[in-house]
Amino acid sequence: MQSTTKKKAESYPVPTQLATETDLSPQEVKAITEAVNPLIADAFALYVKTKNFHWHLYGSHFRDYHLLFDEHAEAIFESIDVMAERVRRVGGTTIRSISHIGQLQTIEDDNSTVVAAGEMVRILMEDNGHIAKMIREAIETCDKNRDSATSNQLQNILDETERRKWFLYEVMQGSKNTE
Ligand SMILES: [Fe+2]
């Protein structure tokens with residue numbers, strides 16, 4: 001038990017049992033896997049962060065933000081399985097554990113004891129913006145490596161990410177004008 005939990009998660013080589021047959025070359029599969037797995041790690045990290053803010057919110061905007069963050073967390077969560085199964089369909093391996101997420105995530109966790117509501121909105125807007133940029137780059141990688149099916153799925157996830165960013169941005173404009 002100890003040794004498996006301490007072991008670093010490795011994506012390569014893919015064991016034969018998991019190397020789903022594909023007409024994509026091993027290099028193409030590697031490029032796709034390396035572009036998509038960090039997106040999954042970031043989705044997990046952002047899911048927890050959004051829920052963290054949903055749970056630890058206070059102040060006059062409580063109800064609105066509490067509901068908005070929950071709606072966002074749900075959409076982020078749904079994207080995880082879609083991306084992970086795309087990686088498996090082309091014969092790559094994906095996220096194994098919380099520590100694997102930590103290895104690959106590119107957004108920062110927030111362990112602050114208290115975060116003001118307006119600051120939560122700003123942080124989530126920036127994280128969604130960062131993730132949108134990463135997804136756009138991953139779409140390019142998938143296109144270059146002949147994986148239009150993953151590209152298509154990522155386009156929907158990018159659209160959802162930009163929707164969240166838009167909402168958060170406009171919420172920020174509102175709070176600037178009323179404060
Ligand atoms: Fe809740």
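1. A word on burial, to begin: a residue is called buried under 20% relative accessible area, exposed over 50%, and partly exposed in between, using a 1.4 Å probe and protein chains only. This is a predicted model, in which local features need pLDDT of at least 70 and side-chain atom pairs count only at pLDDT 80 or more, while totals for chains, interfaces and linings use all residues. Residues are numbered from 1 along each chain as its sequence is written, and side-chain values use heavy atoms, leaving out hydrogens and water.

2. With a relative accessible area of 67%, Lys 6 is exposed. Lys 6 belongs to helix α1 (residues 2–6); helices here are DSSP runs of H or I with at least four residues, strands are runs of E with at least two, and both are numbered from the N terminus. Although 93 residues separate Lys 6 from Ser 99 in sequence, their C-alpha atoms are 8.9 Å apart in space.

3. How many aromatic pairs are there? Rings of Phe, Tyr and Trp (its six-membered ring) pair if their centres lie within 6.5 Å; planes under 30 degrees apart are stacked, over 60 edge-to-face, and the rest tilted. By this rule there are three aromatic pairs. One of them, Tyr 47 with Phe 77, is tilted, at 5.0 Å centre to centre and 45° between the planes. This pair connects distant parts of the chain, 30 residues apart: Tyr 47 is in helix α2 (residues 26–55) and Phe 77 in helix α3 (residues 62–89). Tyr 47 is partly exposed at 22%, and Phe 77 is partly exposed at 46%.

4. Tyr 65 and Phe 69 make another pair, tilted because the ring centres are 6.0 Å apart and the planes lie at 35°. Both residues sit in helix α3, four residues apart, or about one turn of the helix. An α-helix has 3.6 residues a turn, so residues three or four places apart point the same way. Tyr 65 is buried, at 5% relative accessible area, and Phe 69 is buried too, at 0%.

5. Please look along α3 as well. The buried residues of α3 include Leu 68, His 72, Ile 76, Met 83 and Arg 86. Gly 91 follows α3, with a positive phi near 90°.
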